[in-house]
Amino acid sequence: MSEANALSYAYRDIYERFVVEASFLWRLRSMAVNQPHYQIADVSALEIRIQAQLNGLETSLNVAWPLCENALELNGPGEVFTAAIVAFTSHDNERIQKVISTGFASDEALKGLVSALAWLPAEVSDPWTQQWLASTDVNDNYLAISLASLCRANPGDKLNTLLRRDYCRQHEKLYARCLRFIGELKRRDLAPELDKSMKSENANVAFWAIWSAILLGDKSLAHTLEPYVFSSSPFQDRALHVAMRTLSVNDARHWIARLASDPKNGRQVIKAKGMLGDPQAAEWLIEKMRDAQLARLAGEAFTLITGIDLVENHLTQEPPQDRALVPSENPDDDDIAMDEDEKLPWPQADLVDAFWKSARGQFNQGERYLLGKGITKKNMSHLIQEVSQRQRQAAALERALLEPSQIFTNTRAKVA
């Protein structure tokens, strides 16, 4: 065994730990950017830990790669992320193609691949982006548009060219992603493309065309979101987010009432009230805090409207003893999905009610609020920098809707 190979073997376990830790920490970050208890500083701290593992791998890319390749067999997004960093940093085409092939094996794995591309230095990723944009391969095009979207990088006329290609229009996933990108970037020059696509029979294409047109400033289209709001579909939450923020307060109240007519929509109704930001909903939300199944979600919506922090103001209680655990502790239960409300505080309804009675005079009925602030560009810009990840997303959307020329900030983007 050569001295170099012996050295590689001796340190193999260290590099294995780098691979495992980087992949695990990426998964943790991918969840953190959507959590109600993570601030920008917390996400940044996670990113520093991820980069430390990647720095370790980059000390010997040739030792790291076989370990990354083994990890790719798991098809996990974290493993794809780590392997992609190593592959692209090494500038080895065989490794790069292996990672891309694995990334396209599933939607989850693809998230790890695109995230890695956005993580890489521009001098590494930009040449690939340009190559993929010029390609006539749909996977290449999809990677380029997804990466540009994450970084909010405007590809200029290359996006126009791509949208004119017949194969792009015929490929649902790529075409819908391009339509979404138009709204994110506020590409008003491409509004005619949205007009043509809004009546598509393909729900994915039609939704993103409508969504982008609203972000470009056509709020009259909010009513066309009705079928998406009132049906259980992958678009319901996104449609609610936009509709509640663009409809008039009265129209939004009517839509919420319609949702509430079906008991199965209990969670959507609470979310919709929080998105609308109408202080008139506060008392109703306080009553929902008495229901253990909905208490934490109602508390989050209450804070989203009023800005009243339940923990800071000592308005919380210990979790109920008899609450159902999600996931359950039954080893035979195949459902291991985490409770969506896991990191939210448990409100004490009586304390919240008393606190609200002393604070409600600060709010004007009929006006909309986000975290106790009026919906203005200045307020939203401030909140984007100061609040938790889930709240930042709301503030970024509000600001994008206020300003037709304001690029829709990606609050999930790498902090540093």
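Reply: Happy to! A contact here means heavy atoms within 4.5 Å. In this predicted model, 67% of the contacts with a separation of 6 or more join residues 24 or more positions apart. Local features need pLDDT of at least 70 and side-chain atom pairs count only at pLDDT 80 or more, while totals for chains, interfaces and linings use all residues. Residues are numbered from 1 along each chain as its sequence is written, and side-chain values use heavy atoms, leaving out hydrogens and water.

Now to your pocket. On a 1 Å grid over the protein atoms alone, a pocket is an open set of points where a 1.4 Å probe fits, with protein on both sides within 12 Å along at least five of seven lines; lining residues have an atom within 4 Å of a point. The second largest pocket holds about 540 Å³, a volume being the space filled by probe spheres set on points joined across faces, edges and corners. Its lining has 23 residues, of which P36, T303, D309, S388 and Q391 are the closest to the centre. Two or more lining residues come from each of α20 (295-306), α22 (377-386) and α23 (389-402), and α20 gives the largest share, 4 residues. By class, the lining has 8 nonpolar residues (Ala, Val, Leu, Ile, Met, Phe, Trp, Tyr, Cys and Pro), 8 charged (Asp, Glu, Lys and Arg) and 7 polar (the others, Gly among them).
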